[in-house]
Amino acid sequence: MTQSFGNCPQYIHQRDWHHVGNTDAAPARTSNQLTEAQARWIASWDTFFIGSGIAEAADGSASGFDASHRGGSPGFVEVMRDNKLRFPDYAGNNFFNTIGNLLCDPRVGLLFVDFENGGLLHVTGRAEIVWDGKHSRDPQARREVIVTIDKVVERQGALSLRWHTSQLNVRRLRVVEKRCESRDITSFHLAPLDGAPLPPFLPGQHLPIELHIPGQATPTKRSYSSSGAPAAQTYRISVKREDRGLASAFMHDQLEVGDVVQAREPSGDFVLPSGDTPLVWQVPVWASHPWSPCFMN
């Protein structure tokens, strides 16, 4: 790997991990289609990783391969008929590195991790991009990607790590200030309901929150970049209103001073370096565009 950049943290699901030592992985199971058990697992999951790339062309143009995170609510990946998978592409994906690769080479690899048992499910195939997401079953989708499966490899117990979601670090935070920054951006200042000090965070980390939105059967989980000072006694997040954004519309229109949200500790390793290292902030020429990565949340 020679390059890395931070993606929008909106659909990153925070988990705690631990090491279980060496494990005896079962022999890999290979087929050209999903089993019923594998299909049920994918249809209930909230995270996978996608690999794509462009081989070096004869004219010497840019080449390389990319691995990216994809997340959503449980079940955001749909198992279709005819040996196909479909998943949405959400607002916040403003770099289009994976989609750009697929336009040149539709071959793609997907990796689903069994966080509880250490299993891996590899799916390879060919991708088709549906640019208009208005007819998607997911109202948050801006685009969709349909993958026709070529091969499936399942490796049970392949990892010596396990992940789990803990409720121990969940805090109740009260909105103490709501400030309109622009037509589309609103900042929320959050203070602990119990009065205990908030865990510190590093510039570049994000805050995972849970919203109880009327009409939703389960809490709506999102992660927003911390936009306040690390030394402040409150957290500050700045949220962009998205056209079909469930969480952003609720926060802009209904979440008010005095309301309470649940949050986990700030997370993320893509942070500013410590010390006196000089920093260069490069703003793309298209930063004024509504898709600007300056406000990817």
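Reply: Proline 74 counts as exposed because its relative accessibility is 63%, and the cut-off for exposed is over 50%. The model is a predicted one. Proline 74 sits in the loop that links strand 4 (64-71) and strand 5.

When neighbours within four places in sequence are set aside, proline 74 is in contact with Ser44, Trp45 and Asp46. Aspartate 46 is 28 residues away from proline 74 along the chain, yet their C-alpha atoms are separated by 4.3 Å.

Pro74 is one of the residues nearest the centre of the second largest pocket, together with His13, Gly72, Ser73 and Pro219. This pocket has a volume of about 760 Å³ and a lining of 37 residues. By class, 13 of the lining residues are nonpolar, 13 are polar and 11 are charged. Strand 6 (84-90), strand 13 (206-211) and strand 14 (220-225) each supply at least two residues of the lining. Strand 14 gives the largest share, with 4 residues.

Take helix 1 (residues 36-43), in which Gln38, Ala39, Trp41 and Ile42 are buried. These four lie on the same side of helix 1, because they cover an arc of only 160 degrees around its axis. Glu36 and Arg40, on the other side of helix 1, are exposed. The buried residues of helix 1 pack against strand 5 (78-80) and strand 6, and also against strand 7 (107-114), strand 8 (119-130) and strand 9 (141-155).

In helix 3 (residues 246-253), the buried residues are Ala247, Ser248, Phe250, Met251 and His252.

Strand 12 (residues 185-192) and strand 15 run antiparallel and are joined by 6 bridges. In one of these pairings, threonine 186 has valine 239 of strand 15 as its bridge partner. Strand 15 (residues 235-240) is mostly covered, with 5 of its 6 residues buried.

Definitions and conventions:
Residues numbered from 1 in each chain as written. Predicted model: local features only at pLDDT ≥ 70, side-chain atom pairs only at ≥ 80, totals over all residues. Heavy atoms only, no water. Buried < 20%, exposed > 50% of the residue type's maximum accessible area, 1.4 Å probe, protein only. Pairing = 2+ DSSP bridges. 1 Å grid on protein atoms, 1.4 Å probe; cavity = no way out; pocket = protein on both sides within 12 Å on 5 of 7 lines; lining within 4 Å. Points joined across faces, edges and corners; volume = space filled by probe spheres on them. Nonpolar A, V, L, I, M, F, W, Y, C, P; charged D, E, K, R; others polar. Arc of directions from axis to C-beta. Contact = heavy atoms within 4.5 Å.
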